Amino acid sequence: MLRLGCVILLGWMVILEAKAVSGNNRHFFFTHLKLEDGLSRQTVLTIFQDTEQYIWIGTNDGLDRYDGYGYRRYSKEYEDPYYLDDDYIQKILQDSAGNVWVATGWSVNCIDRLTDRMAHYRFVEEKREYIGMMHYTSDKRLLVFTENYL
């Protein structure tokens, strides 16, 4: 009797799974982004999609913003203070104003969505910090968790 119950239960599970799969007519398409397409490096450390549907890709050689057609590259520029201060991108997030926050080993950079310029918020001078997590709170605070600090 127990065996018959298990067979019936298994039969229903197979029927329900088949129905769920056959009722799902969604198709997914993937595009592989390569160096030849403009990606700064193949070593991707973090990925984030913002509210404007841009895909932000953090690598160990800069930050790429992908719009579905091409890239906008952000990298360290020694002469320009409005660029990244380091090319090793650890974390990316967006605040309620639409600004994108980018964590590197040296600081947190904020990309102003209106001007596309960056502001830098540094940690202790001349010391790298691994950013374990960044979180933007509902009361508009940015929390940065590092190896040694919060």
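The largest pocket in this structure has a volume of about 160 Å³, where volume is the space filled by probe spheres set on grid points joined across faces, edges and corners. This is a predicted model, in which local features need pLDDT of at least 70 and side-chain atom pairs count only at pLDDT 80 or more, while totals for chains, interfaces and linings use all residues. Residues are numbered from 1 along each chain as its sequence is written, and side-chain values use heavy atoms, with hydrogens and water left out. Here is a tour of the pocket, then of the strands.

**The pocket**

- A pocket here is an open set of points on a 1 Å grid over the protein atoms alone, where a 1.4 Å probe fits and there is protein on both sides within 12 Å along at least five of seven lines.
- Lining residues, those with an atom within 4 Å of a point, number 14 for the largest pocket.
- Nearest the centre of the largest pocket lie Glu52, Trp56, Arg65, Arg113 and Asp116.
- Its lining divides into five nonpolar, three polar and six charged residues, with Ala, Val, Leu, Ile, Met, Phe, Trp, Tyr, Cys and Pro counted as nonpolar, Asp, Glu, Lys and Arg as charged, and the others, Gly among them, as polar.

**The sheet E1 to E4**

- Strands are DSSP runs of at least two residues, marked E and numbered from the N terminus, and two of them pair if DSSP finds at least two bridges between them.
- Four strands form an open sheet in the order E1-E2-E3-E4, with antiparallel pairing.
- Its edge strands, E1 (44-49) and E4, each pair on one side only.
- The twist from one strand to the next averages 20 degrees, using axes fitted to C-alpha atoms and angles that run from 0 to 180 degrees between N-to-C directions.
- E1 and E2 run antiparallel and are joined by five bridges; in this sheet Phe48 stands opposite Trp56 of E2.

- Five of the five residues of E3 (residues 62-66) are buried, so the strand is largely enclosed by the rest of the structure; buried means under 20% relative accessible area, exposed over 50%, and partly exposed in between (1.4 Å probe, protein chains only).
- Both faces of E3 are covered, with Gly62, Asp64 and Tyr66 buried on one side and Leu63 and Arg65 on the other.
- E2 (residues 55-59) pairs with E3 in the antiparallel sense over five bridges, and Ile55 has Tyr66 as its bridge partner in E3.
- Two residues lie between E2 and E3 in their hairpin.
- E3 and E4 (residues 71-74) run antiparallel with four bridges and form a hairpin with four residues between them, where Gly68 in the turn has a positive phi of about 100 degrees.

**Arg72 in E4**

- Arg72 lies in strand E4 and is the bridge partner of Arg65.
- Arg72 is partly exposed, with a relative accessible area of 26%.
- Contact means heavy atoms within 4.5 Å, and Arg72 touches Leu63, Asp64, Arg65 and Asp116, not counting residues up to four places away in sequence.
- Arg72 and Trp56 are 16 residues apart along the chain, and their C-alpha atoms are separated by 9.5 Å.

**The sheet E5 to E8**

- Another open sheet of four strands has the order E5-E6-E7-E8, again with antiparallel pairing.
- E5 (89-94) and E8 (118-122) stand at its edges with a single partner strand each, so one side of each is left without a neighbour in the sheet.
- E6 (residues 100-104) and E7 (residues 107-111) run antiparallel, joined by four bridges, and Val100 stands opposite Ile111 in E7.
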